[in-house]
Amino acid sequence: MKKIILTLSVAFFITTNVFAAGSSSSGSSSTKTNYDKAVVHIKSAKKYEKKGKLEKAQKSYAKAQKLLIKSNEKKPGKADTLNYLGFTTRKLGDFENGEKYYLQGLAVDPKHKGINEYLGELYVATNRHNLAVERLGVLEGCNCEEYDQLKAVIAGEKSKY
């Protein structure tokens, strides 16, 4: 009788551990961080903007911004998060706080391509072309899309973002 109870107990223990392991591993692979969710909203917002659906774009940027704020609170000082915080804040019309996020990001990573491009675009939008040219200088030689985009915006072309 003891052998049967012991065998059943071991079998039960093994079975529950197998199911528990299966459910946790499948759950973790589909779990997205707040940053990941924000990037999805930003991509949607950019698509809405291209289609002229500005109200929907603004809602997506606002959702992304909230998620990025949470992400930054949980893991502060990440340049990519600060870049997108600056971007979404700027897209929502708050240039002053957008600039603050960009500058925080540059303190972490002075050569960050995205921050330098977007901050340069913010400087153009706020009539500070000399500062935009400084950002372009940081990107010079990177052979990257960010350099080409900022150069075009400084020359008077409309930003694609």
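Colleague: At roughly what angle do the axes of α4 and α5 cross?
Modeller: In this predicted model, the axes of α4 and helix α5 (residues 95–108) cross at roughly 165 degrees and come within 7 Å. Angles over 145 degrees count as roughly antiparallel, and α4 and α5 are therefore roughly antiparallel to each other.

Colleague: Is that crossing left-handed or right-handed?
Modeller: The crossing of α4 and α5 is left-handed.

Colleague: Which residues make the contact?
Modeller: From α4, the contact is made by Ala-79, Leu-82, Asn-83, Leu-85, Gly-86, Phe-87, Thr-89 and Arg-90. From α5, the residues are Phe-95, Asn-97, Gly-98, Tyr-101, Tyr-102, Gln-104, Gly-105 and Val-108. By class, the contact of α4 with α5 has 8 nonpolar, 7 polar and 1 charged residues.

Colleague: Now α2 and α4. How do their axes cross?
Modeller: The axes of α2 and α4 cross at roughly 35 degrees and come within 11 Å. The crossing of α2 and α4 is left-handed.

Colleague: Which residues of α2 and α4 meet there?
Modeller: Tyr-35, Val-39, Ile-42, Lys-46 and Glu-49 in α2 meet Asp-80, Thr-81, Tyr-84, Phe-87, Thr-88 and Lys-91 in α4. The contact of α2 with α4 has 5 nonpolar, 2 polar and 4 charged residues.

Colleague: Changing topic, how much space lies in the largest pocket?
Modeller: The largest pocket holds about 210 Å³ of space. The elements giving two or more residues to its lining are α2 (34–50), α3 (54–74) and α4 (79–91).

Colleague: Which residues line the largest pocket, and how do they divide by class?
Modeller: The lining consists of Lys-32, Thr-33, Asn-34, Tyr-35, Ser-71, Lys-74, Lys-75, Lys-78, Asp-80 and Thr-81. By class, 1 is nonpolar, 4 are polar and 5 are charged. Tyr-35, Asp-80 and Thr-81 belong to this lining and also take part in the contact of α2 with α4.

Colleague: One more pair, please. How do α7 and α8 pack?
Modeller: Helix α7 (residues 129–139) and helix α8 (residues 145–154) pack at an angle of about 155 degrees, and their axes are 9 Å apart. With that angle, α7 and α8 are therefore roughly antiparallel to each other. Their crossing is left-handed.

Colleague: What makes that contact?
Modeller: Ala-132, Val-133, Arg-135, Leu-136 and Leu-139 of α7 make the contact with Glu-146, Tyr-147, Leu-150, Lys-151 and Ile-154 of α8. The residues of the contact of α7 with α8 divide into 7 nonpolar, no polar and 3 charged.

Key: Residues are numbered from 1 along each chain as its sequence is written. This is a predicted model: local features need pLDDT of at least 70, side-chain atom pairs count only at pLDDT 80 or more; totals for chains, interfaces and linings use all residues. Side-chain values use heavy atoms; hydrogens and water are left out. On a 1 Å grid over the protein atoms alone, a cavity is a set of points where a 1.4 Å probe fits but cannot get out, and a pocket is an open set with protein on both sides within 12 Å along at least five of seven lines; lining residues have an atom within 4 Å of a point. Grid points are joined across faces, edges and corners, and a volume is the space filled by probe spheres set on the points. Helices (H or I, at least four residues) and strands (E, at least two) are DSSP runs, numbered from the N terminus. Ala, Val, Leu, Ile, Met, Phe, Trp, Tyr, Cys and Pro count as nonpolar, Asp, Glu, Lys and Arg as charged, and the others, Gly among them, as polar. Axes are lines fitted to C-alpha atoms, for helices over the stretch in contact, and angles run from 0 to 180 degrees between N-to-C directions. Angles under 35 degrees count as roughly parallel, over 145 as roughly antiparallel, 65 to 115 as roughly perpendicular and the rest as oblique. A crossing is left-handed if the near helix is turned anticlockwise from the far one by less than a right angle, and right-handed if clockwise. Contact means heavy atoms within 4.5 Å.
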